[in-house]
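Look at the sequence and the model first.

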Amino acid sequence: MQRLLAFGALILLFIVFSIASPYFLTFDNVIGILLATAVNGVLALGVTFVIITAGIDLSVGTVMTFSAVMTGVFITNLHLPVPVGILGGVLAGTLAGFVNGNVISRMKIPPFIATLGMFYIAKGLSLVISELKPIYFNDTPAFREMTMGSVVGEIIPGFAVPNAVFIMFGAAFIAHLILSRTI
């Protein structure tokens with residue numbers, strides 16, 4: 001019943017916003033909404049696995065920030081190729097998860113305390129490494145093209161859905177496959 005109520009509330013919001021503004025159902029607005037939720041959507045999928053096991057992870061957002069800072073440092077400061085920089089950022093996040101997992105499982109530290117510690121570690125490292133300055137990808141248009149570009153838009157003109165949205169839906173599909181086999 002809760003699932004139906006949540007879905008019904010979403011449909012109701014959709015109808016209200018569609019009536020309130022003629023621009024709500026435009027292609028550009030829907031893509032904007034999907035793009036704005038892509039990062040949080042992928043993070044929520046990861047946390048879903050933690051919540052299902054009755055755990056908690058307070059460090060998700062700051063570890064994401066740390067991974068983004070490391071990606072920026074690898075690509076802009078060290079001038080590594082974009083795929084290598086992205087892999088470095090993913091590995092930085094993986095390392096944080098590995099540390100969290102080992103602290104929780106081997107040292108028997110409660111997940112709340114362990115991930116709170118990682119929250120502050122990742123936040124501090126992000127601030128120190130970035131020197132409190134934003135990292136711009138102005139010299140690497142390939143990075144922006146990889147995330148904000150549209151592979152589908154090149155195949156189907158006029159259907160320029162950013163790659164980040166497809167990454168979110170791909171991650172959701174993979175999570176669905178994993179969860180449907182384990183539950």
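Which residues in α3 meet which residues in α4? On the α3 side they are Val-63, Phe-66, Ser-67, Met-70, Thr-71, Phe-74 and Ile-75, and on the α4 side Val-82, Gly-85, Ile-86, Gly-88, Gly-89, Ala-92, Gly-93 and Ala-96. Contact here means heavy atoms within 4.5 Å.

## Basis of the model

The model is predicted, local features need pLDDT of at least 70, side-chain atom pairs count only at pLDDT 80 or more, and totals for chains, interfaces and linings use all residues. Residues are numbered from 1 along each chain as its sequence is written, and side-chain values use heavy atoms, with hydrogens and water left out.

## Overall build

The protein has eight helices and zero strands. Helices (H or I, at least four residues) and strands (E, at least two) are DSSP runs, numbered from the N terminus. The C-alpha trace spans about 50 × 50 × 30 Å along its principal axes.

## α3 against α4

The two helices pack at an angle of about 150°, and their axes are 8 Å apart. Axes are lines fitted to C-alpha atoms, for helices over the stretch in contact, and angles run from 0 to 180 degrees between N-to-C directions. The angle therefore makes α3 roughly antiparallel to α4 (over 145 degrees; under 35 counts as roughly parallel, 65 to 115 as roughly perpendicular and the rest as oblique).

The contact of α3 with α4 has nine nonpolar, six polar and no charged residues. Ala, Val, Leu, Ile, Met, Phe, Trp, Tyr, Cys and Pro count as nonpolar, Asp, Glu, Lys and Arg as charged, and the others, Gly among them, as polar.

## α3 against α5

Between α3 and α5 (residues 111-130) the angle is about 25°, with the axes 8 Å apart. α3 is therefore roughly parallel to α5. Among the residues in this contact are Phe-66 and Met-70 of α3 and Phe-119 and Lys-123 of α5. By class, the contact has 10 nonpolar, four polar and one charged residues.

## The largest pocket

The largest pocket holds about 1400 Å³ of space. Its lining has 37 residues, and those closest to the centre are Val-39, Val-42, Met-64, Ser-67 and Val-90. On a 1 Å grid over the protein atoms alone, a pocket is an open set of points where a 1.4 Å probe fits, with protein on both sides within 12 Å along at least five of seven lines; lining residues have an atom within 4 Å of a point. Grid points are joined across faces, edges and corners, and a volume is the space filled by probe spheres set on the points.

α3 gives the largest share of the lining, nine residues. The lining divides into 23 nonpolar, 12 polar and two charged residues.
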